[in-house]
Amino acid sequence: RRAILEATRRELETGAKVVIGTGIHVTGITRPSGPNDSAWIGGMLQRMFGAKAVMIIDGHTSTDIDASGSSERQRLFDQWRSDPAIRILLISMEACQDTVNLTVPELPGITGLFVTALSLKWVPWKQFLGRFWRDGQKVPVRYRVPILRDTIDENLLSFVQRKWDIQQLFRAQVPLTPEEEEILKRGRTGDESLAQAARSKYEHVNVIGAMAKGRGEKGAESA
């Protein structure tokens with residue numbers, strides 16, 4: 001928590017907007033855990049950097065379409081992208097659907113975008129990062145994912161890394177090895193999974209790089 005707050009302070013001093021995402025944990029982060037919770041993250045950010053500079057979006061932010069033809073959540077998304085005075089976005093990853101575009105265009109006084117997280121989600125980190133980075137974006141984006149040793153986040157990181165390996169194999173249309181086909185047929189057993197089968201990470205990268213060329217994966221040749 002202290003590391004996130006200090007990183008936020010440093011990034012704001014450089015002129016960047018800051019995104020702080022939260023995955024499986026929400027209570028005590030985007031919302032206080034109770035009426036006497038003075039240590040919830042959103043409140044601490046508001047006290048440190050000013051309430052008007054901090055935007056908070058989570059499952060409590062309404063998606064209902066009102067008389068204006070928009071929702072509270074969409075209006076906040078639009079304000080985040082257009083208002084340079086909103087410097088910090090504290091957001092639940094569950095509130096970011098695949099179609100949401102939270103990229104930041106060139107704005108007065110804004111030098112870049114920094115994305116970090118207080119906890120991971122059960123999906124690869126790239127899916128969350130993709131809400132803030134798109135091809136052709138002119139504002140530079142940097143990200144950092146802190147992982148605390150011996151916590152659930154360490155287990156989540158290992159899980160999403162295996163899941164990402166599997167996704168990339170299928171996206172690149174890489175044929176399965178006989179060992180991988182056998183694992184699929186009998187299902188997962190113990191610690192065994194498709195991502196832990198015969199291929200190493202280096203083999204994954206080499207095969208995916210070769211298969212992705214010409215399949216619309218921009219930049220595959222230089223990867």
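Which residues of helix α3 are buried? I began my notebook with this question, keeping in mind that the model is a predicted one.

**Entry on helix α3**

I went along α3, which spans residues 72-82, and noted that Arg73, Leu76, Phe77 and Trp80 are buried there. Looking down the axis of α3, I saw that its buried residues fall within an arc of 105°, and so they line one face of the helix. I then looked up what this buried set packs against, and I wrote down the strands β1 (16-22), β2 (54-57), β3 (88-92) and β4 (112-119).

**Entry on the overall make-up**

Next I stepped back to the whole protein, where I counted seven helices and five strands. Reading from the N terminus, I noted the order of elements as α-β-α-β-α-β-β-α-β-α-α-α. Of the 223 residues, 41% are buried. I also looked at contacts with a separation of 6 or more, and found that 69% of them are between residues 24 or more positions apart. For the accessible surface I noted about 12900 Å², with 52% of it belonging to carbon and sulfur atoms.

**Entry on the sheet**

In what order do the strands of the sheet lie? I traced an open sheet of five strands, ordered β2-β3-β1-β4-β5, with parallel pairing. At the edges I found β2 and β5 (141-143), each of which pairs on one side only. On average, and with direction ignored, neighbouring strands of this sheet are turned by 20° against each other.

I then took up the pairings one at a time. Between β1 and β4, which run parallel, I noted seven bridges, and within this pairing Val19 stands opposite Val115 in β4. Between β1 and β3, also running parallel, there are five bridges, and Val18 has Ile88 in β3 as its bridge partner. For β4 and β5, again a parallel pairing, I noted three bridges, with Val115 having Tyr143 in β5 as its partner.

Two helices that pack on the sheet came next. Helix α1 (residues 2-13) touches β1, β3, β4 and β5, and its direction makes about 155° with that of β1. Helix α2 (residues 41-49) touches β1, β2, β3 and β4, and its direction makes about 175° with that of β3.

**Entry on strand β1**

**Entry on the nonpolar cores**

Last, I looked up the largest nonpolar core, which has 23 residues, and noted that the members touching the most others are Val19, Trp80, Leu89, Ile91, Leu102 and Phe132. The elements giving two or more residues to this core are β2, α3, β3, β4 and α4 (125-129). I followed Phe132 in particular, and, leaving aside its neighbours within four places in sequence, I found it in contact with Val19, Trp80, Leu89, Leu102, Thr103, Leu113, Val115, Gln137 and Val141. Apart from this core lies another, of 17 residues, which includes Leu12, Ile29, Ile41 and Leu45.

How values were computed:
Residues are numbered from 1 along each chain as its sequence is written. This is a predicted model: local features need pLDDT of at least 70, side-chain atom pairs count only at pLDDT 80 or more; totals for chains, interfaces and linings use all residues. Side-chain values use heavy atoms; hydrogens and water are left out. Buried means under 20% relative accessible area, exposed over 50%, partly exposed in between (1.4 Å probe, protein chains only). Helices (H or I, at least four residues) and strands (E, at least two) are DSSP runs, numbered from the N terminus. The arc is that of the directions from the helix axis to the C-beta atoms. Contact means heavy atoms within 4.5 Å. Two strands pair if DSSP finds at least two bridges between them. Axes are lines fitted to C-alpha atoms, for helices over the stretch in contact, and angles run from 0 to 180 degrees between N-to-C directions. Accessible areas come from the Shrake-Rupley method with a 1.4 Å probe; for residues, only the protein chains shown count as cover. A nonpolar core is a set of buried Ala, Val, Leu, Ile, Met, Phe, Trp, Tyr and Cys residues joined through side-chain atoms within 4.5 Å.
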